[in-house]
Structure formats: C-alpha cells, structure tokens
Amino acid sequence: PQHVKPTRKVHQRSDSFGGDDADMVELPAQFYQPRADLKQAVMEAIQEITSDLEDLYKNINDQATNHIHAGEVILTYGSS
C-alpha cells in the first residue's frame, strides 16, 4: 500500500494573495488517494454535459408548443 499523509494543508481561495496559516484548510487523506477511475468519470460527466448543451435548443423547441399559446407575448433575447 502507498503511504498517504493523514491531512495536508491547502490555502483557501481568497481575494488576497498574501496569507498566513489562518487561510489554510486541512483536507482529509481521501483527497490524496489515487483513483484510477477519476479521469474516466470526469470525462463521462463532461461528455454528458456537452450532449445536454448540444440538445438544448431541440428540447426547448419540442416543449415550446406546450408552454406558448396564441395571444401571448413572448420576450426573447437575441435572435428569434
């Protein structure tokens, strides 16, 4: 088994670049354990989001007739 330190300190995100130990946060050891499946899981999540975004306009178009009725005013942004 690989040796993993129990905790490590990392800087919290802040607006200032300087800092002292008060800006540090300790993370649990599980944050530093290697995960062979992490890259694949992230790539699958990115692919799913990309697919959802590509289908966004089609889904809106398919549902529009359920939400837009005759005589209603539709506010749009950009080209319509």
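## Terms and model

In this report, a residue is buried when its relative accessible area is under 20%, exposed when that area is over 50%, and partly exposed in between, using a 1.4 Å probe and protein chains only. By that scale, Asp62 is partly exposed, because its relative accessibility is 43%.

The structure is a predicted model, in which local features need pLDDT of at least 70 and side-chain atom pairs count only at pLDDT 80 or more, while totals for chains, interfaces and linings use all residues. Residues are numbered from 1 along each chain as its sequence is written, and side-chain values use heavy atoms, with hydrogens and water left out.

## Confidence and layout

The predictor's confidence in each residue is its pLDDT, from 0 to 100. Here the protein has a mean pLDDT of 78, with 70% of its residues at 70 or more. Where pLDDT is low, the predicted coordinates should not be read in detail.

Two helices and two strands make up the secondary structure, and they follow the order β-β-α-α from the N terminus. Helices (H or I, at least four residues) and strands (E, at least two) are DSSP runs, numbered from the N terminus.

## Surface

Of the protein's 80 residues, 1% count as buried.

Now for the patches. They are built from residues with over 30% relative accessible area and no salt bridge, joining like charges within 9 Å and nonpolar side chains (Val, Leu, Ile, Met, Phe, Trp, Tyr) within 5 Å. The nonpolar patch consists of Ile49, Leu53, Leu56, Tyr57 and Ile60, with about 550 Å² of accessible area together. Helices α1 and α2 (56-67) each supply at least two of its residues, and α2 gives the most, with three. Ile49 sits in α1 and is exposed because its relative accessible area is 51%.

A patch of negative charge brings together Glu48, Asp52, Glu54 and Asp55 on the surface. Asp and Glu count as negative, Lys and Arg as positive, and His and the chain ends are not counted; a charge is placed at NZ of Lys, CZ of Arg, CG of Asp or CD of Glu. Glu48 belongs to helix α1 (residues 38-54) and, at 52% relative accessibility, is exposed.

## Salt bridges

Side chains of opposite charge can pair when their charged atoms come close. A salt bridge needs a side-chain nitrogen of Lys or Arg within 4 Å of a carboxyl oxygen of Asp or Glu, and this structure holds two.

Asp37 pairs with Arg35, their closest N and O atoms being 3.3 Å apart. Asp37 is partly exposed, at 43% relative accessible area. Asp62 pairs with Lys58, with the closest N and O atoms 3.0 Å apart. Asp62 and Lys58 are separated by about one helical turn, because they are four residues apart in helix α2. Lys58 is exposed, at 52% relative accessibility.

How values were computed:
Accessible areas come from the Shrake-Rupley method with a 1.4 Å probe; for residues, only the protein chains shown count as cover.
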